[in-house]
Amino acid sequence: MAILVPQCLARLMLLLLLIGVTNAQLSSNFYSSSCPNLLSIIQTAVNSAVSSDSRMGASLLRLHFHDCFVAGCDASVLLDDTANFTGEKTAGPNNNSLRGFEVIDNIKTQVEAACPGVVSCADILTVAARDGVVALNGPSWAIALGRRDSTTASLSNANSQIPGPNNNLNGLITAFSNKGFTAREMVALSGSHTIGQARCTTFRNRIYNEANINATFATSTRANCPRSGGDNTLSPLDVATPTAFNNDYYRNLISLKGLLHSDQQLFNNGSTDAQVRAYSTNSASFFNDFAAAMVKMTNLSPLTGTNGQIRRNCRRTN
């Protein structure tokens with residue numbers, strides 16, 4: 001018996017360890033029994049939001065991207081500032097720019113009513129971003145669930161790790177490489193700019209001072225963005241089809257109609273020109289690569305198992 005007890009304990013400890021590892025991993029059916037209507041609740045809410053505001057699909061996708069690029073997809077970007085806590089909302093890439101918080105709040109309220117204390121804000125945002133793309137005729141992708149929410153955020157990381165509109169090609173490649181993405185995946189994810197709009201302050205220098213820009217496009221865009229003032233005036237990132245998720249973004253780059261400096265850097269006699277050309281003529285290739293890269297992004301350093309929490313309110317910790 002003295003020999004069997006340690007063996008039994010060892011087996012029990014191994015079993016518990018394996019169970020812990022299993023519970024800590026993301027799963028496609030994570031909420032199948034605990035919140036079976038989750039996906040339909042999110043999809044209905046997102047479709048309604050996009051129907052009311054076609055820009056919202058892009059806003060939810062961007063919100064998710066800016067969340068995942070700072071310590072992983074943990075809903076840190078959703079946290080409001082408090083007297084003792086500074087979140088990520090006032091970071092340079094986010095301040096007066098990120099949108100869609102109220103859509104996530106609405107979904108969270110509905111989910112809490114159906115399954116209180118079960119579903120994380122991180123999972124809600126991850127699914128909502130996907131559904132926002134689908135609502136604009138973009139590709140879908142499989143999402144594994146089971147993320148938990150962070151109890152903190154990082155203003156400094158949001159300022160330093162999220163690529164910006166003035167990045168050059170090397171800066172973009174490095175920023176994405178730091179998160180484990182290849183240059184090809186970076187070009188595919190940049191295709192998210194086939195939807196959404198940007199503020200004048202982010203592209204003013206390009207339309208007035210850069211040479212690698214279509215002259216007619218520059219002139220028409222200046223009408224919406226004066227040399228001074230009007231910083232928050234909006235222009236579509238994809239001038240051709242701003243509310244449809246397609247590969248027109250890459251055609252625009254070839255025509256030198258990239259709105260942001262960072263956009264046109266993808267097609268500027270550099271190492272990514274060939275990939276831009278490929279996507280411009282092959283929508284299926286772009287959709288497949290974008291979906292695959294999004295799956296990879298949703299799996300960036302998720303909090304699982306006993307890490308993090310399930311926030312009752314996405315804007316603050318429990």
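Student: Does Cys200 count as buried or exposed?
Tutor: Cys200 has 0% relative accessibility, and buried means under 20% relative accessible area, exposed over 50% and partly exposed in between, with a 1.4 Å probe and protein chains only. The model is a predicted one, in which local features need pLDDT of at least 70 and side-chain atom pairs count only at pLDDT 80 or more, while totals for chains, interfaces and linings use all residues. Residues are numbered from 1 along each chain as its sequence is written, and side-chain values use heavy atoms, with hydrogens and water left out. Because its relative accessibility is 0%, Cys200 counts as buried.

Student: Which residue is joined to Cys200 by a disulfide?
Tutor: A disulfide is a pair of cysteine sulfur atoms within 2.5 Å. For Cys200 the S to S distance in its disulfide is 1.8 Å, and the partner is Cys225.

Student: What is the handedness of the disulfide of Cys200 and Cys225?
Tutor: The handedness follows from the torsion about the S-S bond. That torsion is about 65 degrees, so the disulfide of Cys200 and Cys225 is right-handed.

Student: How many residues apart in sequence are the parts that Cys200 and Cys225 tie together?
Tutor: Helices (H or I, at least four residues) and strands (E, at least two) are DSSP runs, numbered from the N terminus. Cys200 lies in helix H9 (residues 200-209) and Cys225 in the loop between helix H10 (215-222) and strand E2 (234-236), so the distance in sequence between the parts they tie together is 25 residues.

Student: How many disulfides are there by this rule?
Tutor: One of them joins Cys121 to Cys314, and with bonded cysteines counted along the chain the pattern is 1-4, 2-3, 5-8, 6-7. The count comes to 4 disulfides.
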